[in-house]
Amino acid sequence: MSMLIASDVHGSLDAARGLSARVAAHGVERVVLLGDLLYHGPRNPLPPSYDPAATARELNRNAAITWAVRGNCDSEVDDWMLEFDCAVDHRRFTVGGVRFEASHGHRPGFTPDNLAGVLPGSVLLYGHTHVKTLERREGIVLANPGSTTFPKDDGPGYLLFSNGTLTLHSLDGIALRSLRP
(Lines give C-alpha, C1' and ligand atoms only; values in the text may rest on other atoms or scores of the structure.)
Protein backbone atom coordinates (compact mmCIF):
# COMPACT_ATOMS: atom_id res chain seq x y z
CA MET A 1 0.00 0.00 0.00
CA SER A 2 1.26 3.47 -0.81
CA MET A 3 0.51 6.55 1.31
CA LEU A 4 0.83 10.28 0.87
CA ILE A 5 1.40 12.13 4.15
CA ALA A 6 0.90 15.89 4.52
CA SER A 7 0.46 18.47 7.26
CA ASP A 8 -0.35 22.08 8.01
CA VAL A 9 -2.57 23.00 5.06
CA HIS A 10 -3.99 25.90 7.13
CA GLY A 11 -6.97 26.57 4.86
CA SER A 12 -4.96 27.14 1.68
CA LEU A 13 -6.99 26.10 -1.34
CA ASP A 14 -3.85 26.16 -3.51
CA ALA A 15 -2.09 23.74 -1.14
CA ALA A 16 -5.14 21.42 -1.02
CA ARG A 17 -5.29 21.41 -4.83
CA GLY A 18 -1.56 20.66 -4.94
CA LEU A 19 -2.08 17.69 -2.63
CA SER A 20 -4.97 16.39 -4.76
CA ALA A 21 -2.71 16.58 -7.82
CA ARG A 22 0.02 14.62 -6.00
CA VAL A 23 -2.50 11.99 -4.81
CA ALA A 24 -3.62 11.50 -8.42
CA ALA A 25 -0.06 11.53 -9.82
CA HIS A 26 1.18 8.90 -7.34
CA GLY A 27 -2.04 6.84 -7.37
CA VAL A 28 -1.80 6.35 -3.61
CA GLU A 29 -4.17 4.12 -1.70
CA ARG A 30 -4.10 6.12 1.54
CA VAL A 31 -3.78 9.80 2.50
CA VAL A 32 -2.65 10.68 6.03
CA LEU A 33 -3.19 14.29 7.14
CA LEU A 34 -1.34 15.41 10.26
CA GLY A 35 -3.52 18.30 11.39
CA ASP A 36 -3.93 22.06 11.07
CA LEU A 37 -6.12 21.58 8.03
CA LEU A 38 -8.62 24.43 7.68
CA TYR A 39 -7.56 27.41 9.79
CA HIS A 40 -4.49 29.62 9.64
CA GLY A 41 -4.21 30.11 13.41
CA PRO A 42 -3.52 33.41 15.21
CA ARG A 43 0.28 33.28 14.67
CA ASN A 44 0.10 32.85 10.90
CA PRO A 45 -0.86 35.38 8.22
CA LEU A 46 -3.73 34.60 5.88
CA PRO A 47 -2.50 32.41 3.01
CA PRO A 48 -3.00 34.00 -0.44
CA SER A 49 -5.69 31.42 -1.30
CA TYR A 50 -7.24 31.21 2.19
CA ASP A 51 -10.65 29.59 1.81
CA PRO A 52 -11.41 27.03 4.56
CA ALA A 53 -14.76 25.95 3.06
CA ALA A 54 -13.30 25.35 -0.42
CA THR A 55 -10.23 23.70 1.16
CA ALA A 56 -12.55 21.30 3.00
CA ARG A 57 -14.33 20.46 -0.26
CA GLU A 58 -10.98 19.81 -1.96
CA LEU A 59 -9.69 17.61 0.88
CA ASN A 60 -13.03 15.74 0.84
CA ARG A 61 -12.30 14.61 -2.74
CA ASN A 62 -10.07 11.95 -1.13
CA ALA A 63 -12.19 11.38 2.00
CA ALA A 64 -12.69 7.66 1.34
CA ILE A 65 -8.93 7.03 1.62
CA THR A 66 -8.03 9.67 4.23
CA TRP A 67 -6.99 9.23 7.85
CA ALA A 68 -6.30 12.38 9.86
CA VAL A 69 -5.31 13.63 13.29
CA ARG A 70 -6.21 16.89 15.01
CA GLY A 71 -3.71 19.74 15.10
CA ASN A 72 -3.47 22.64 17.51
CA CYS A 73 -5.34 24.94 15.07
CA ASP A 74 -8.17 22.46 14.40
CA SER A 75 -11.59 22.71 16.06
CA GLU A 76 -14.80 20.73 16.43
CA VAL A 77 -16.41 22.53 13.50
CA ASP A 78 -13.78 20.96 11.21
CA ASP A 79 -15.47 17.59 11.80
CA TRP A 80 -18.67 19.07 10.39
CA MET A 81 -16.91 20.26 7.21
CA LEU A 82 -14.67 17.26 6.59
CA GLU A 83 -16.01 13.88 5.50
CA PHE A 84 -13.26 11.98 7.33
CA ASP A 85 -12.50 11.75 11.03
CA CYS A 86 -10.03 14.42 12.15
CA ALA A 87 -10.96 14.52 15.85
CA VAL A 88 -8.33 12.14 17.23
CA ASP A 89 -4.95 13.28 18.55
CA HIS A 90 -3.11 10.08 17.63
CA ARG A 91 -3.40 7.13 15.25
CA ARG A 92 -1.39 3.91 15.34
CA PHE A 93 -1.47 1.69 12.24
CA THR A 94 0.66 -0.74 10.25
CA VAL A 95 1.22 -0.51 6.50
CA GLY A 96 3.50 -2.83 4.54
CA GLY A 97 4.80 -4.35 7.76
CA VAL A 98 5.85 -0.93 9.11
CA ARG A 99 4.26 0.43 12.31
CA PHE A 100 3.32 4.12 12.14
CA GLU A 101 2.40 6.53 14.91
CA ALA A 102 0.62 9.63 13.53
CA SER A 103 0.26 12.81 15.58
CA HIS A 104 0.31 16.52 14.86
CA GLY A 105 3.37 16.74 17.08
CA HIS A 106 2.23 19.24 19.69
CA ARG A 107 1.21 16.76 22.43
CA PRO A 108 3.78 15.26 24.84
CA GLY A 109 4.68 11.66 24.10
CA PHE A 110 4.47 12.11 20.33
CA THR A 111 7.02 14.83 19.60
CA PRO A 112 10.67 14.52 18.54
CA ASP A 113 11.65 15.85 21.98
CA ASN A 114 9.30 13.52 23.90
CA LEU A 115 8.92 10.07 22.37
CA ALA A 116 7.43 8.42 25.49
CA GLY A 117 4.27 7.25 23.66
CA VAL A 118 6.02 5.99 20.52
CA LEU A 119 6.64 2.26 20.31
CA PRO A 120 10.27 1.35 19.54
CA GLY A 121 10.82 0.46 15.88
CA SER A 122 7.97 2.73 14.74
CA VAL A 123 7.82 5.65 12.34
CA LEU A 124 6.57 8.82 14.04
CA LEU A 125 4.65 10.92 11.51
CA TYR A 126 4.22 14.45 12.79
CA GLY A 127 3.79 18.03 11.59
CA HIS A 128 3.48 21.20 13.66
CA THR A 129 7.04 22.53 13.21
CA HIS A 130 6.58 23.27 9.48
CA VAL A 131 10.10 21.87 8.91
CA LYS A 132 10.71 18.76 6.79
CA THR A 133 12.46 15.98 8.72
CA LEU A 134 13.42 12.43 7.83
CA GLU A 135 15.86 10.81 10.27
CA ARG A 136 16.35 7.89 12.62
CA ARG A 137 16.73 8.57 16.35
CA GLU A 138 16.79 6.06 19.21
CA GLY A 139 15.50 3.33 16.89
CA ILE A 140 12.53 5.45 15.79
CA VAL A 141 12.15 7.09 12.38
CA LEU A 142 11.06 10.73 12.70
CA ALA A 143 9.18 11.85 9.59
CA ASN A 144 7.74 15.35 9.17
CA PRO A 145 6.47 16.42 5.72
CA GLY A 146 6.81 20.10 6.64
CA SER A 147 3.97 22.46 5.82
CA THR A 148 2.14 22.68 2.51
CA THR A 149 1.33 26.33 3.22
CA PHE A 150 3.74 27.99 5.69
CA PRO A 151 7.06 26.13 5.30
CA LYS A 152 9.85 27.21 7.65
CA ASP A 153 12.48 25.60 5.43
CA ASP A 154 13.12 25.31 1.69
CA GLY A 155 9.48 25.09 0.59
CA PRO A 156 6.17 23.20 0.85
CA GLY A 157 6.34 19.44 0.97
CA TYR A 158 4.82 16.04 1.62
CA LEU A 159 5.96 12.48 2.32
CA LEU A 160 5.34 9.41 0.21
CA PHE A 161 5.51 5.86 1.59
CA SER A 162 5.83 3.37 -1.24
CA ASN A 163 7.56 0.00 -1.65
CA GLY A 164 8.78 0.14 1.96
CA THR A 165 10.51 3.51 1.57
CA LEU A 166 9.64 6.97 2.92
CA THR A 167 10.52 9.81 0.57
CA LEU A 168 10.28 13.54 1.22
CA HIS A 169 9.02 15.51 -1.77
CA SER A 170 8.57 19.16 -2.60
CA LEU A 171 4.90 19.96 -3.28
CA ASP A 172 5.67 20.06 -7.01
CA GLY A 173 6.64 16.37 -6.82
CA ILE A 174 10.44 16.50 -6.75
CA ALA A 175 11.95 13.79 -4.52
CA LEU A 176 14.30 15.31 -1.92
CA ARG A 177 15.53 12.38 0.18
CA SER A 178 14.51 8.86 1.19
CA LEU A 179 14.85 6.46 4.11
CA ARG A 180 13.82 2.82 4.60
CA PRO A 181 12.24 2.33 8.04
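In this predicted model, six strands form an open sheet of mixed pairing, in the order 3-2-1-9-10-11, where strands are DSSP runs of E with at least two residues, numbered from the N terminus, and two strands pair if DSSP finds at least two bridges between them. Strand 3 (66-68) and strand 11 (175-179) are the edge strands, each pairing on one side only. Residues are numbered from 1 along each chain as its sequence is written. Local features need pLDDT of at least 70 and side-chain atom pairs count only at pLDDT 80 or more, whereas totals for chains, interfaces and linings use all residues, and side-chain values use heavy atoms, with hydrogens and water left out.

Within the sheet, strand 1 (residues 3-6) pairs with strand 2 (residues 30-33) in the parallel sense over four bridges, and Met3 stands opposite Arg30 in strand 2. The charged end of Arg30 in turn sits over the ring of Trp67, 3.8 Å from its centre; the criterion is that NZ of Lys or CZ of Arg is within 6 Å of the ring centre and within 35 degrees of the ring normal.

Trp67 is also linked by ring pairs with Phe93, Phe100 and Phe161 into a cluster, a pair being rings of Phe, Tyr or Trp (its six-membered ring) whose centres lie within 6.5 Å, stacked if the planes are under 30 degrees apart, edge-to-face if over 60 and tilted otherwise. The structure holds three aromatic pairs, among them the stacked pair of Phe93 and Phe100, at 5.5 Å centre to centre and 15° between the planes. Phe93 counts as buried because its relative accessibility is 8%, and Phe100 likewise counts as buried at 0%, the limits being under 20% relative accessible area for buried, over 50% for exposed and partly exposed in between (1.4 Å probe, protein chains only).
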